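User: Can you walk me through this one? I'd like to start with the ligand.

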Amino acid sequence: MEIDVLTLFPEVVDVLNSYGVIGRAIEKEIFSLNSINIRDFSKEKHRKVDDELYGGGCGMLMTPQPLHDAISWAKKKDGYVIFLSPQGQVLTQEKLIELSKKKHLVLLCGHYEGIDERIIELDVDEEISIGDYVLSGGELPAMVLIDGIVRRLDGALGNDNSVLEDSLSNGLLKYPQYTRPRDFMGLQVPDVLLSGHHANIEKWQKQQSLEKTERKRPDLIKQLKNIK
Ligand SMILES: C[S@@+](CC[C@H](N)C(=O)[O-])C[C@H]1O[C@@H](n2cnc3c(N)ncnc32)[C@H](O)[C@@H]1O
């Protein structure tokens, strides 16, 4: 898979090239990441990429010309353009899995007051938000999206299939997990996990997963009931 990020701050996105699972996926050639500076496409004097708003209002807006040219340059035939925006559908695990099947994504990062609406009409396939709050730029949302997608790519986590059991993969939160030592400050690892009895362990994990979800995210249980 290939992801191109269109941004005014390529150096922020470039940090991912040497970051954990993503860095290793790039080394293994499972995934490639390019950051593209939108400013390089500006035909204005001093490579300007923003202007005042028609109709008034404070702040500046990203102008359409550099955005349109950058997208046209980056997008391949099977490319899918996503604008990171607080106005998009809120990102879910399901959406990450869907996007991890695409061959080429172009992620567009806004800044200032955002981007000229005509770019959304002309060039954007989908708007995605990472939550109902507003950040100052689309770079961190794009990086969140990339991390979530890359760990779903075949081979990105080596032979580790734990992504299939991650929280939210089956609509529930994952059961509590423990490692050494058995006793930490008087708190013990549950006996069943030390028993070696696989059927009992599995039963305990399922029960715990359900209880934890009911306690922390009752909304997820409601959603599951609605699907059934
Ligand atoms: C300050 S915001 C612009 C908000 C815009 N004026 C509005 O009210 O919808 C600047 C940029 O940050 C990014 N951004 C901010 N919050 C985001 C979120 N929750 N999810 C995804 N991108 C976000 C978008 O790319 C946006 O264009």
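**Ligand site and helix packing**

Analyst: The backbone of L84 puts an N or O atom 2.6 Å from an oxygen atom of the ligand, a polar contact (a pair of N or O atoms within 3.5 Å). This is a predicted model, where local features need pLDDT of at least 70, side-chain atom pairs count only at pLDDT 80 or more, and totals for chains, interfaces and linings use all residues. Residues are numbered from 1 along each chain as its sequence is written, and side-chain values use heavy atoms, with hydrogens and water left out.

User: What do the backbones of I130 and L135 do at the ligand?

Analyst: A backbone N or O atom of I130 lies 3.1 Å from a ligand nitrogen. For L135, a polar backbone atom is 2.9 Å from a nitrogen atom of the ligand. The protein covers 85% of the 590 Å² of accessible area that the ligand has on its own (Shrake-Rupley method, 1.4 Å probe).

User: How many residues surround the ligand?

Analyst: 20, and the closest are L84, Q87, G110, E113 and Y133. By class, the shell has 10 nonpolar, 9 polar and 1 charged; Gly counts as polar, and Tyr as nonpolar.

User: Which strand gives the largest share of that shell?

Analyst: Strand 5, with 5 residues. Strand 5 (79-90) and strand 7 (126-129) each supply at least two. Strands are DSSP runs of E, at least two residues, and helices are runs of H or I, at least four, numbered from the N terminus.

User: Switching topic: how do helix 2 and helix 6 pack?

Analyst: Helix 2 (residues 20-27) and helix 6 (residues 139-150) pack at about 65°, axes 9 Å apart. The axes are lines fitted to C-alpha atoms over the stretch in contact, with angles from 0 to 180 degrees between N-to-C directions.

User: Which residues meet there?

Analyst: V21, I22 and A25 from helix 2 meet I146, D147 and V150 from helix 6, where contact means heavy atoms within 4.5 Å. That's 5 nonpolar, no polar and 1 charged.

User: Where's the cis peptide bond?

Analyst: Between R180 and P181, with omega about 0°. P181 is in the loop between helix 6 and strand 8 (183-184). Most peptide bonds are trans.

Note on methods. Near = heavy atom within 4 Å. Polar contact = N/O pair within 3.5 Å; in protein donor to acceptor, adjacent residues only side chain to side chain.
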